[in-house]
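Here are my notes on the two-chain model you sent over.

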Amino acid sequence: MSLEIAHREREGVALMDLKGRITIGDEASAFRAAVEVAAAEPGTRLLLNMQEVDYVDSTGLGALVMCSSRLRKASGVAKLVNVNRRNIELIVMTKLDSIFEVFDDETDAINSFFPGRKIKGFDILSFVQHMRDE
Amino acid sequence: MDIARLKVDGTAKFNLSKFRPDDTHGVTKSHAAKALPAQVENLAALHDLLYAEHKRSLLIVLQGMDAAGKDGTIKHVMSGVNPQGCAVTSFKQPSTQELDHDFLWRIHSAVPPKGSIGIFNRSCYEDVLVARVHELVSPAVWKKRYEQINDFEKSLTENNVCILKFFLHMSSREQRKRFDERLADPRKNWKSSPADFKEREYWDQYQSAYQDAIAKCGTKEAPWYVIPSDHKWFRNYAVAEVIVRTLASFKMRYPKAK
């Protein structure tokens, strides 16, 4: 299987470091299973570190959408951080930015879970426009 | 091709899993490539008669999973039809006003008038599909809807509305292929939406819901046609065949000048 999932925690926020591909088959299944475990506890705040995710297909996108709705159902929330250039384009193209907050810095992403903390934020649409202008 | 093999009208027990999405019923791609343009022309001529005669209307209902080709079928099969006597209505998520009425209200108001063809891109069947899969209403509510739909369709047919319902039957594998194509092709990127990927996760539940909708609402008055849709060329060919043969069976005549 070409998806590794490592679990960490920062200030009560569950982190999944994903490495490899989120694609049809064992990869998407393993990801879904990991989300199920995370969502078992109501109110889970989950940050998916996408830094080393090199490919997501339509099934992987489905698993990401499911992750978001599964956590919301359990009064939780999922966000994305360190999404590479290719996957950022994919997220914008498929309008997944309408359901996921996306960050380019882990500390900023963690802070976003705490109302009142200052965050610099990440404007995904400006980022994509900037990439296209380059 | 024997279109009766595609038809579900309540005369035999229906089992969706017995219908292969990649079936081509012995039709070759080259035959379909020649036959479709001819049927598109026939359809245009029959539509002209329907319009002139002004006695009845044709309602075409298209249902299918995302990427099954509802838009593509309209584009390819209806390309020769005079826009003056044809209207396409896409039923998306109901508005607040629509939700304030019974579920058939918005459907009834879009039924084609005499002389016209109406195409429903999705329909009241969403109210026993998406509403059931996502538990938007209780089972007690959606279970009653099959009979309500049958009564509604019977009343339309008794008022000279001919109803043809097409289920564009596609495999899960083919849907994944088409979704991946949408992601890879910049000309198709715009078609992708998070809802598509989410709905795909409910594939099995949707297949069960379709099984029941087709089994319970396939009637002599308003039959379902299960169209194998893994091959786009066969899907277009089969839908055109059913529509043309149905219109031809009306034995329509141009009215005499008054």
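**Notes on the predicted model**

1. Let's start with A:Arg32, which is partly exposed because its relative accessibility is 27% (buried means under 20% relative accessible area, exposed over 50%, partly exposed in between, with a 1.4 Å probe and protein chains only). A:Arg32 forms a salt bridge with B:Glu201, and the closest N and O atoms are 2.8 Å apart (a salt bridge is a side-chain nitrogen of Lys or Arg within 4 Å of a carboxyl oxygen of Asp or Glu). Helices (H or I, at least four residues) and strands (E, at least two) are DSSP runs, numbered from the N terminus.

2. A word on ground rules. This is a predicted model, where local features need pLDDT of at least 70 and side-chain atom pairs count only at pLDDT 80 or more, while totals for chains, interfaces and linings use all residues. Residues are numbered from 1 along each chain as its sequence is written, chains are lettered from A and ligands numbered from 1 in the order in which they are written, and side-chain values use heavy atoms, leaving out hydrogens and water.

3. Now the interface. 18 residues of chain A are in contact with 14 residues of chain B (contact means heavy atoms within 4.5 Å). About 1300 Å² is buried between chain A and chain B, with carbon and sulfur atoms giving 63% of that (buried area is the accessible area, 1.4 Å probe, that two parts lose on being put together, summed over both). Of the area that chain A buries against chain B, 37% comes from A:Ser58, A:Met66 and A:Met93, more than from any other three residues.

4. How many salt bridges run between chain A and chain B? The count is one. There are also five residue pairs in polar contact between chain A and chain B, both residues at pLDDT 80 or more (a polar contact is a pair of N or O atoms within 3.5 Å; within protein, one must be able to donate a hydrogen and the other to accept it, and residues adjacent in sequence count only if both atoms are side-chain atoms). On the side of chain A that touches chain B, helix H2 (58-73) and helix H3 (85-93) of chain A each supply at least two residues. H2(A) gives the most to that side, with eight residues.

5. Over all chains the salt-bridge count comes to 22. One to click on is A:Arg8 with A:Glu106, at 2.9 Å from N to O. A:Arg8 lies in strand S1 (residues 3-10) of chain A and A:Glu106 in helix H4 (residues 106-111) of chain A, so this pair ties together parts 98 residues apart in sequence. A:Arg8 is partly exposed at 34% relative accessible area, whereas A:Glu106 is buried at 15%.

6. In chain B, have a look at B:Glu153 and B:Lys165, whose side chains meet in a salt bridge (2.7 Å, N to O). Back in chain A, salt bridges with shared partners join A:Arg8, A:Arg10, A:Asp17 and A:Glu106 into one network.

7. On to the rings: the structure holds nine aromatic pairs over all chains (rings of Phe, Tyr and Trp, its six-membered ring, pair if their centres lie within 6.5 Å; planes under 30 degrees apart count as stacked, over 60 as edge-to-face and the rest as tilted). Why is the pair of B:Tyr125 and B:Trp224 edge-to-face? Their planes sit at 70 degrees, with centres 4.8 Å apart, so the pair falls in that class. B:Tyr125 is buried at 1% relative accessibility, and B:Trp224 is buried at 0%.

8. B:Trp233 and B:Phe234 are also edge-to-face, because their planes are at 90 degrees, with ring centres 6.1 Å apart. B:Trp233 is partly exposed at 22%, while B:Phe234 is buried at 0%. Ring pairs link B:Trp233, B:Phe234 and B:Tyr237 into a cluster.
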